[in-house]
Each structure stands twice: as C-alpha cells, then as structure tokens.
Amino acid sequence: MTKNFSILVVDDDTSHRTMLATLLTGWGYTIFEANDGEPAIEMVTDRYFDLILMDIRMLKVSGLEAMERINKINPAIPIIIMTAYSSIETAVGALKNGAYDYLTKPIDFDKLRLTIERATERQRLQEENQRLRLSLKGQFDRQNIIARSSVMTQLLDTVAQVATSEATVLITGESGTGKELIAGATHYNSTRREGPFVKINCAAITESLLESELFGHEKGSFTGAQRRKEGKFIQAHRGSIFLDEVSEMPLSMQVKLLRVLQEREITRVGGEDVIPIDVRVITATNKNLADLVREGKFREDLYYRLNVVDLYLPALRERRDDIPPIAQHYLQSLAAKNRKEISGFTPEAMDLLVRYRWPGNVRELINTVERGVVLCQSQYVGIESLRLMEEEQMDPVRPASGSPDSIKPLEEVEKEAILFTLDATGNNKSETARQLGITRKTLHKKLKTYGVMP
C-alpha cells in the first residue's frame, strides 16, 4: 500500500465484525466499525473512508439501503458487499446498483485480501490520474505560459475569449513556437476542461495507419487487427482533440475529417456502426493552409471548417521581450534537474540570447539553455557555454559582439543587457535582478552608475 487505507466494516454480527477488524488491522489497514447501516451512513457523513466492507442483511438498515444512501453522500467510495450464499442474486443486484464487488460467507480470506487490494489499487490509480490531470491543467494554464511581450499578451486575451466557445480553432506559427501549449490552454480554460485532451501528430503517422488512429478499427479489418481498437476521436469524447501538423494529412483523410466535422459522427475502419461523438477540434500547422489550398494540396471546404478562429503564434524573434523570462525560467528548472547551483546568465550571455534570431524558436532556446546549464562551470552561464556563434542568425539591427564593427567595452554591453531586461520586466527591479542573477543591491548600484536612479 502506498498509504494507510481506511476501511469501514459494517456488520450487526459482533463476533464476525470483530474477527474481520482484527484480520484487516493485521494486514496494515486502519479499521473503523459500525453495527448497522444507520451508524455507517452517519460515519460516512462525518469523514472519508477508502473502502467499506458491509454485510447485506442487518436488522435495522440493510446493506442495500445503506449503500444507496452512502452513494448519494460520496459515490467515490468502493463498497464490498458480504452475503450468505443464498442471497447471491441480491448481491448481483447490488453490483448493478454501484457495489464494487461481493463476497459470500464464510469469507475466503485470500479472496477478501485480493478484492480489497484490487479496490485500493483502483483508488490509487484514480488519485494518480486526478493528480496527472491537475498537473496537465497547470502546465497548460494561461498563467504558466510565459508572455511579457504585448503581442503574446494580446494572443492570450484572445485565447481566453475563444476557449469558452465551441468554435473549431486553427493555430498557426513556425515550428517550436509552442502551438501545443496554446491548444492546451484553449482546452483547459473551456467548459470541456474536465474531459480528455487527446493529441495526435498527423505528420508522424503513415497514411495507412492514420485513419485507424483517428477513428479506430474493428477486429480483423486488416492484417494485424487482432482486436477492436478505439480511435482518438472516441478517446476525446466530451473533450478536445488536437490535430498537430494537420497540413500533412493526405487528401483522402481530409475528406473523412470533413465528414466528421459536418456530421459529428465516426465509423471505425472495417465497421458499419455510426458512432456519434462530442469532440471539440483544435488544429495546428506551421504551413500556410491558404497557399496549400491554391496549390490543390488542401481541401478548401475543410480549410474553412478548421479556420473558424485563427490564432497566430509569433516567432520568438518577433517577441524578444519574452526571451529573458523564458530563458531564466528554464535555467532554474534545468539547473535543478541537473543538480547544479546556477543563479542566472552573465550580461553578455543574455545579450547574445536576445540578439540571436532563434530559427528553432522556443524549442531551440530551451535546448540552448540546457546546453548552457550542462557546460556551465560557474554560478552564471556565459557565452562560452551557450555556443551560439552563427553570425547569420544574429539580429542585423544589433550586430553581434565581436564583429569588427561592433566591439564594445564590457561596461557598455553590461549596461545594454541590464537596461533591456529592466524594460522587458516593466521596470520591475526585483524581477530584473532575479533574471540577471544579481542582487537587488548590485542592480541599484549599476543603475546609479548609469544615471538611471538618483
């Protein structure tokens, strides 16, 4: 057991109840007892139990009645019914009404232990799934998307408006810009947030398998189909499905996706049953779908179905204000992951990060920061650890340090990095000091030197 599970034993037979309590306590469970259905209901009202082991026949309130009332209080508690062999039919009826399982008297201890372990394992998995769901929800929460630039804050405002609707969303932008994060934010801020968020990359699956992945297949529908398989659309029922790189979908599949969007129903490969679905569709592409439509590579009718709301995610070079906070955020997490004590970037390193054009966008930035963390041998990540020296990828407006026409004194480079970060943080001096890896006192001293502070 991963925790001390609590079990409520309900039985009006004192000797039988005491025997079970002693046995279960020996197995490591925390045991509570009730001598009838009524006190059991009162106890469930007062506190939570991981499991209830309850006799079906009791003098005042039967196990069936108690189970019905307990389910109204807390339907998540698994209830195992105990019954005499002659009442098995009644116990089966209890299963239909929500009991987890039933055991016949005299109780087989091995079966009792196995049944309880199965029930407690189910509880553990449910809790784990809930933690995972909350974790994912937090990961995709708008507050966890780092956005200081005006263009990104405007985008997130639009996401907040779009999320509450049922509109189909098309997210466009270069590779590595974070389109999946925007898709997740759209789902987890919608009324479907408690439903599944299912993702599939259309470019990563062969044409022959994509239909099966999306819509499922029947047993024997093709070689290797040993059993029925449910597709991503069924898995996403009452939630959202994210079709990444939808531009890579073959024309034959585009026809079928269009039908799903129009009819809100799917048919498994090799099957005939029409299955209604309730799914919100969110798509993404790094290509211009309008151009593909003109080239005959993407269906125009599908394009208009997908492009109800278009969310454009700008490249990182179009939102340089976001670079310092993103870099510092991942520096902290990656330093902890690699068990290193690193406070920040040197001013020269941050200057380089801001001026680099990032053809791989945020994904490349994260990889660069990780390399810097791994290679760093001091408290601050320097230029030598980043290894971003490709001159052609430097912002032409701000020439790369070290080129013949742009060699500057170290103090001037440091001043530029500090003032840029101060501007990017909205003049927040504490945040500026944190991102630069210096103390607030040191920052104040530098700003006085530059004449920014009196």
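Below are my notes on a sheet, the helices on it, and one threonine.

**Entry: the model.** I noted before anything else that this is a predicted model.

**Entry: the sheet.** I looked up how the strands are arranged. I found 5 strands in an open sheet, ordered β2-β1-β3-β4-β5, with parallel pairing. I marked β2 (30-34) and β5 (101-105) as the edge strands, since each pairs on one side only.

**Entry: β1 and β2.** I then followed one pair. Strand β1 (residues 6-10) runs parallel to β2, and 5 bridges join the two. Within this pair I found Val10 opposite Ala34 in β2.

**Entry: helices on the sheet.** Which strands does helix α1 touch? I read off β1, β2, β3 (51-55), β4 (79-84) and β5 for helix α1 (residues 14-26), which packs on the sheet. The direction of α1 makes about 170° with that of β2. Helix α3 (residues 63-73) packs on the sheet as well, touching β3 and β4. I noted about 155° between the direction of α3 and that of β3.

**Entry: Thr285.** I turned to strand β11 (residues 279-285), where Thr285 is found. Is Thr285 buried or exposed? Its relative accessibility is 0%, so Thr285 counts as buried, the cut-off being under 20%. I then looked up its contacts, leaving aside neighbours within four places in sequence. Thr285 touches Leu170, Ile171, Thr172, Gly173, Lys179, Glu245, Val246 and Ser247.

Terms used
Residues numbered from 1 in each chain as written. Predicted model: local features only at pLDDT ≥ 70, side-chain atom pairs only at ≥ 80, totals over all residues. Heavy atoms only, no water. Pairing = 2+ DSSP bridges. Helix = DSSP H or I, 4+ residues; strand = E, 2+ residues; numbered from the N terminus. Contact = heavy atoms within 4.5 Å. Axes fitted to C-alpha atoms, helices over the stretch in contact; angles between N-to-C directions. Buried < 20%, exposed > 50% of the residue type's maximum accessible area, 1.4 Å probe, protein only.
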